[in-house]
Amino acid sequence: MKSQGQWLCKGFSDSSRWIPSFMKWSAFLALLLFPVMAWAGGATQAMSVEYRDIPGIGSRNIVWVVAQQHLLLAGFVLGVPIFAWVCELVGWKTKEARYDKLAKEFTKLLTSAYATTALFGGILLFLLIGLYPKLMAYLTDMFFPSFLVYCLLFLAETATLYMYWYGWDYMQGNKKAFHLFLGFLLNLFAIGIMIVPNSWATFQASPVVVADGTAWERAWAAMQNPTWWPVNIHRLIANVVLGGFIVGAYAGVRYLLAVSREEREHYDWMGYVGNFIGVFGMLPLPFAGYWLMREIYQYNQQMGITLMGGFLAWLFILQAMLIGVLFLGANYYFWMGITHRIPGSEGQYRKPVMAMLIVLLLCLGVWMTPHSLVASLEEARKMGGTHHPLLGVFGVMSAKMTVSNLMILVTFMSFIMYWRAGKVETAGWAKAAKAIMGALLVLAGIAVVVLGVWGYFVPAIIRINYFSVAQVLIVLFIMITFTPLTALLMKSAKTTTEMVWGKMPIRAGYSLVLNAVMVILLMSLMGYARSSSRVHWHIYGVMRDTSEYAYSPALGYAAAFMSLNTFVFCLLVAFIFWVATLGDKAKAKANEGKPLDIAGHAAPAMAGGSPAAGEKLE
Amino acid sequence: MSEVALLQIIGLCVVGMGIVILLFIKGMFLRVIGFVAMVLGTFSLIALSVPQMASLPPAVETFDLASVKSPDDLASIGQKIFFSKGQCALCHSIGPSESARCPDLNGVGAKLAPDFIYESLTQPQAYIYLDFRHEGLPKEYPARMPYINKDPIGLTNQEIYSVIAFLQKMSGEPISIKVEDIMNADGESKPKDLKVASLEQSSHVNPQESDVHIQE
């Protein structure tokens, strides 16, 4: 307040400088208000206005940027509480303070991002009301009761978040159970906050005919559109992935900036946890995406064809590239963890790592092979069409489903390998269990490939309804059986080499940043795909877009926008996190010279560390 | 210079800037920014190298009464309304479909009288039909038929008759809707020869022969 007062006094006392400055600001404000005044002047026509535009920028572009920022922030804000709460729960159950500390650190990032998310939500709402009044009037008429529910959920979420964050230290010991209950409520409200607006967006893509009824009945009927739940599930998992990889990137940057050993150890561990959460969510994500695409095809085959075989077909090659880089980045980070955190293990794991890398690269090559090649007329004549005689085989869905499942299997095995590294199983049944797991893995790999090849020789409907589903179930079966089995094996395993934290090379930090960038780009890309699949409709088949922006831009232009959005989002997140950690820096300065508590840097059990190393909770 | 070429130059500049930062700047945070810029620039350049296809909207269809010269013109307009403003295709299929949430309308123009279809569209809850085409119990559909002449769909009578004409044509039936009646209607009133259907009036809908039954 003092500084503000001083600034004001200074401004008023120096009138010779202040008057021109005031005039400049007035002129600026007048410019800003000019369109508002112009709109107000045409108030009599307001009811008939369908669109407004922002000259020079374009209404769609500004909505695109703001909506994307809001969505990415919201994804982070809704994803982080899930694993923060799980971390806290693990800390409470195992009585290890490091998990509680990590959960608190996650929540600190969440609180600072929450307000910015709401701010962008508000800006988006004002822009939509102002720029797309006709569409918003329709949606308001259809969904108004759900708006009220959304507001209530938002209030409940905010109140719960305040109590959860500010009550963290107070609600320890006997009160911890209540704090965990608050965390549960926080996630419950967060899921509600996500699924209500999802219904508005999915209604635009897959509207249902709404019959007469009360406002509540109509809103409920509109919410239950065919793609609502597939999108809900897909976004829920994707938010965890986004949150995990952003936390990982945050830890990666802090690791690169770390000056002390303690900081390096801590952020190395945090990076590992972030990457683990991201990979954990990423493995089932393609299955959720597959379900969503199935529902889209079932709802409207034309929309499905527009997405997969029409002008958006090349988008899926870009998607394959991004997912491929993400898989490679996540695996690379695991492999670096094995070689740098477990001294002496480099030679032992070199061969399996190399084999995994080759499989991943081959799979990525197949996934990225387009159905029709970009070829000159002469090249096309030589090939006998745009389908390459050999590579054309890899351009179809049967091949892509097969390699995506194989990549998930490899990544899962990478994680299992990391989990088991530096340990020797002591259980009597360990040998048999490992043999069974090995046999199951080989059988699963063969079955996925056989189903993929067989898929070429059966009608599409058989492949989609049975073969692809079987491939997904086989991979899920491996993940569901191997995880508890490995956990049981590791429970009695003897640690031969303790994990050493803070020894990762600089490129590990960059790989964490790369993973986060890939996820953000993927979300932006698929958002563009979902919007573009509606082609020239605001609400598919119901309300046509009659604005000058009714076309869907080409992929290159859209990708430039996605890159811009990603860059802005990264800077925004960096700023938010910088603000959030200002207090820590002040505390660290105050504690300079005092011995550091490094209990939180011990290796987590799942990372091969000794659980006993953790500080015990009261 | 084309838009693609311009974006490619920008992409190259961004990648170049990222490389310069990584080569010459020592500050770690700036180096991370340079790395991100390089990745994003590369992504944009790759996206710009694939075929660039934009999806342009088709011309806006309007219900132009002056253009209606024959019943076929009417049916053609009805077809457009069926798949757009009327939203019929959101639930109904023409021909068997696993995903259709409401009865298949294949051949409905031959099975039902125009006045009966009119009533089904404007008073959908007057009579509820059960679909007996499937094995087991008659099928109940999840979606409830809306009032086509009320919001949010709000078709005018002229548009409804066009849809009926389309359904008749699609069923191989002679189109019984007269163009003169449509031209004379003001959009809100019914043509004279179309009466609101009653159960007795739709006598040609024989439950024994048809695949739809009337529920009491």
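Q: What kind of model is it, and how are things labelled?

A: It's a predicted model, where local features need pLDDT of at least 70, side-chain atom pairs count only at pLDDT 80 or more, and totals for chains, interfaces and linings use all residues. Residues are numbered from 1 along each chain as its sequence is written, while chains are lettered from A and ligands numbered from 1 in the order in which they are written.

Q: What ipTM and pTM does the predictor give the complex?

A: An ipTM of 0.82 and a pTM of 0.78.

Q: What does chain B average in pLDDT?

A: Chain B averages 77, and 71% of its residues score at least 70. pLDDT is the predictor's confidence in each residue, from 0 to 100.

Q: Where in chain B is confidence lowest, and where highest?

A: Strand β2 (residues 212-214) of chain B is lowest, at a mean of 36, and α2(B) is highest, at 95. Over residues 192-216 of chain B the pLDDT is below 50, though beyond near neighbours in sequence that stretch has 40 contacts in the model.

Q: OK, and how many helices and strands does chain B have?

A: Seven helices and two strands. From the N terminus on, the elements of chain B go α-α-α-α-α-β-α-α-β. Those are DSSP runs numbered from the N terminus: helices are H or I with at least four residues, strands are E with at least two.

Q: And chain A?

A: Chain A has 20 helices and four strands. Of its 618 residues, 42% are buried; in chain B, 30% of the 216 residues count as buried. Buried means 20 or more other C-beta atoms lie within 10 Å of the residue's own, exposed means 12 or fewer, and partly exposed is in between, with C-beta atoms placed from the backbone.

Q: How many residues do the two chains put in contact?

A: 37 residues of chain B are in contact with 43 residues of chain A. Contact means that the C-beta atoms, placed from the backbone, lie within 7 Å.

Q: Which element gives the largest share on the chain B side?

A: That's α2(B), with 13 residues. The elements giving two or more residues to that side are α1 (3-24) and α2 (28-49) of chain B.

Q: What's that side like by class?

A: The side of chain B that touches chain A has 29 nonpolar, six polar and two charged residues. Here Ala, Val, Leu, Ile, Met, Phe, Trp, Tyr, Cys and Pro count as nonpolar, Asp, Glu, Lys and Arg as charged, and the others, Gly among them, as polar.

Q: Switching topic: how is chain A divided into domains?

A: Domain 1 is 59-344 + 506-588 + 597-608, and domain 2 is 346-373 + 380-420 + 423-496. Those bounds come from an automatic or database domain assignment. The C-alpha centres of domain 1 and domain 2 of chain A lie 27 Å apart.

Q: How many residues does each domain give to the contact?

A: Domain 1 of chain A gives 22 residues and domain 2 of chain A gives 26. On the domain 1 side, the elements that give two or more residues are α10 and α12 (315-341) of chain A, and α12(A) has the largest share, 13 residues. By class, that side has 17 nonpolar, five polar and no charged residues.

Q: Which residues touch the most other members of the largest nonpolar core?

A: A:F106, A:V513 and A:V519, out of 169 residues in that core. A nonpolar core is a set of buried Ala, Val, Leu, Ile, Met, Phe, Trp, Tyr and Cys residues joined through C-beta atoms within 7 Å. Leaving aside neighbours within four places in sequence, A:V519 is in contact with A:V241, A:L242, A:F245 and A:L326. A second, separate core of 26 residues includes B:A75, B:L105, B:I117 and B:F166.

Q: Last one: is A:M223 buried or exposed?

A: A:M223 counts as buried because it has 21 C-beta neighbours inside 10 Å. A:M223 is in helix α7 (residues 215-223) of chain A and touches A:S146, A:S199 and A:W228, not counting residues up to four places away in sequence.

Q: And B:K80?

A: B:K80, in helix α3 (residues 71-83) of chain B, is partly exposed, with 17 other C-beta atoms within 10 Å.
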